[in-house]
Amino acid sequence: MPLILDGSLSPSPSAIETTPTTFRRQEHHESDVVVVGAGILGTSIAITLARQGRSVILLEKSLKEPDRIVGELLQPGGVQALEKLGLRECLEDIDAIRVKGYEVIYYGTGVEIPYPVNAAGDADPEARGAFDGEEVDPRNPGLIQRPEGRSFHHGRFIQQLRSAATREENISLIEATVSDTIRNGWTGQVLGVEAEYPKTGAKDVFFGQLTVLADGYASRFRKEFIAHAPVSKSKFYGLELIDADLPRSMHGHVVLGEGAPVLLYQIGTHETRALIDVPEGTPTASHANGGVKAHLRSVVLPSLPKCVQSSFEKALDDGKLRSMPNSWLPPSTQQIPGMVLLGDAMNMRHPLTGGGMTVAFNDVLMLRGLLSPENVPDLGDTERVRKQMRNFHWRRKNLTSVINILAQALYSLFAANDPHLRALQLGCFRYFQRGGSCVDGPVGLLAGIIRQPFVLFYHFFAVALLAMWLIVQKSPLWRLPWTVLETLGVFWKACVVIFPFIFSELRS
């Protein structure tokens with residue numbers, strides 16, 4: 001049995017030496033861990049467990065370079081986690097672009113929100129979590145640089161991760177489509193998986209003490225192990241712009257106007273990704289009005305910065321328009337012995353804030369400790385594994401609840417479709433314009449640097465109060481009764497937006 005069933009990835013010489021564990025994986029398809037899905041989380045957790053001495057079988061339905069329109073921006077908190085995992089080199093040689101923050105453009109007016117310096121404060125290292133600090137300028141050690149993210153072509157980054165996996169002697173990376181889990185008929189314990197080789201159609205089985213299901217947003221196993229399904233109310237339509245002239249280099253751009261938000265960020269020296277959110281039932285995107293392309297041309301194009309419009313129109317004329325559902329799936333614990341569901345298969349949020357990969361790498365970083373040989377000597381000890389996964393569910397909240405709630409709440413404001421939400425949207429933009437902590441706090445949360453849910457709560461309701469004050473300022477005194485009702489409506493809308501997401505994070 002070959003380690004790799006795709007010639008585009010080659011194992012290192014050490015990976016093909018026949019050790020007892022390698023022989024057991026190849027000939028008997030038995031391992032400590034079977035990982036389903038060689039994506040962001042699956043590949044990184046396979047490498048992490050393999051470096052701890054675990055024998056790992058990593059299964060992926062296609063080892064060709066994936067071509068997706070999301071998973072292209074890694075926040076600073078994700079870059080730091082990647083470095084702690086010893087995988088920082090995967091960002092090299094893929095034409096990755098440094099990202100220093102965001103530019104939010106509200107009806108043609110822009111405001112910069114750079115990643116903050118020491119936003120969590122030196123006195124509170126716990127709040128910083130895995131983010132230990134900012135990079136120091138080697139030419140001037142006394143000068144602290146702001147943290148940076150990276151943006152890139154998703155497929156190139158995935159191939160770098162997979163290449164790193166092939167260099168691990170404890171991993172067998174196999175191209176196979178997993179069709180089902182294998183379970184003990186008496187205890188219900190997951191023992192492994194059934195799979196099929198795509199090139200031959202031959203079926204096979206793979207066994208592990210622990211099965212990690214990380215098969216992405218379209219997981220075929222989610223319904224079997226999680227009670228609730230993802231909710232999707234909009235889609236991102238993606239275009240690749242060539243040599244676009246962005247208003248601010250090395251920044252992601254969020255364009256707000258009459259419609260839903262538009263994201264613009266560079267993913268290569270010459271390529272820029274445009275992601276256009278189109279909510280369900282958008283009248284101008286209906287078939288009767290010419291479909292999504294007509295909506296992009298008549299509604300979205302005029303709202304973009306003029307320096308971007310020509311490259312956007314050219315990309316639209318080229319016709320390479322792809323879509324991706326924007327899903328919300330709150331996290332949940334799983335109590336099935338012998339199996340854990342991770343990554344987008346278990347937890348998703350709107351990709352507006354680019355937090356998915358940051359969550360994934362930090363999850364792996366946490367699991368590295370929880371499932372280490374010191375804490376779980378035998379992965380076949382299902383009770384100990386389940387206990388550690390319960391700990392994982394609650395310990396990850398400091399970061400993931402912030403990113404999950406922020407993504408959903410910010411999308412509600414940025415895709416405002418009623419007067420109260422539009423008032424909150426304006427309040428958010430004016431809040432950013434105030435600068436200082438009004439920028440450092442929110443973008444520190446978004447970047448995965450600040451890991452305190454209360455800080456998110458504070459800034460969200462500070463935005464709501466500012467939105468209410470803006471209404472009071474522009475209203476004449478004789479409208480006072482209506483103004484009070486309007487401001488109370490805005491505050492109520494803020495509560496309606498954020499509290500359901502908070503409650504979903506408190507569920508087990």
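Colleague: What should I keep in mind about the model and its numbering?

Modeller: It's predicted, so local features need pLDDT of at least 70 and side-chain atom pairs count only at pLDDT 80 or more, while totals for chains, interfaces and linings use all residues. Residues are numbered from 1 along each chain as its sequence is written, and side-chain values use heavy atoms, with hydrogens and water left out.

Colleague: Why is Glu103 called buried?

Modeller: Buried means under 20% relative accessible area, exposed over 50%, and partly exposed in between (1.4 Å probe, protein chains only). Glu103 has 7%, so it counts as buried. It lies in strand E5 (residues 101-106); strands are DSSP runs of E, at least two residues, and helices are runs of H or I, at least four, numbered from the N terminus. Contact means heavy atoms within 4.5 Å, and beyond four places in sequence Glu103 has contacts that include Arg248, His251 and His253.

Colleague: And Asp95, what makes that one partly exposed?

Modeller: Its relative accessibility is 31%, which is why Asp95 gets that label. You'll find Asp95 in the loop between helix H3 (76-84) and E4. Leaving out residues up to four places away in sequence, Asp95 touches Arg156, Ile267, Gly268, Thr269 and Glu271. Asp95 and Gly268 are 173 residues apart in sequence, yet 5.4 Å apart in space, C-alpha to C-alpha.

Colleague: What joins the side chains of Asp95 and Thr269?

Modeller: A polar contact of 2.6 Å. The term needs a pair of N or O atoms within 3.5 Å; within protein, one must be able to donate a hydrogen and the other to accept it, and residues adjacent in sequence count only if both atoms are side-chain atoms.

Colleague: How do you know that E4 pairs with strand E7?

Modeller: Two strands pair if DSSP finds at least two bridges between them. E4 and E7 (residues 149-151) are joined by 3 bridges and run antiparallel.

Colleague: What makes strand E2 largely enclosed?

Modeller: 5 of the 5 residues of E2 (residues 56-60) are buried, so the rest of the structure largely encloses it. Val56, Leu58 and Glu60 point one way, Ile57 and Leu59 the other. E2 is also joined to strand E1 (residues 30-36) by 4 bridges, and these two run parallel.

Colleague: Why is H3 described as largely enclosed too?

Modeller: Because 7 of its 9 residues are buried. Their cover includes E3, E7, helix H5 (154-166) and helix H9 (356-370).

Colleague: How do you know that the span of helix H15 agrees with its residue count?

Modeller: The expected span is 1.5 Å times one less than the number of residues. For the 27 residues of H15 (residues 480-506) that gives 39 Å, and the end C-alpha atoms are 39 Å apart, so the two agree. There is a kink of about 25 degrees at Ile498, shortly before Pro500; that bend is the angle between axes fitted to the seven residues ending there and the seven starting there.

Colleague: What counts as a nonpolar core?

Modeller: A set of buried Ala, Val, Leu, Ile, Met, Phe, Trp, Tyr and Cys residues joined through side-chain atoms within 4.5 Å. The largest has 68 residues, of which Ile45, Phe157, Phe206, Leu342 and Phe361 touch the most other members. A second, separate core of 65 residues includes Val104 and Phe460.
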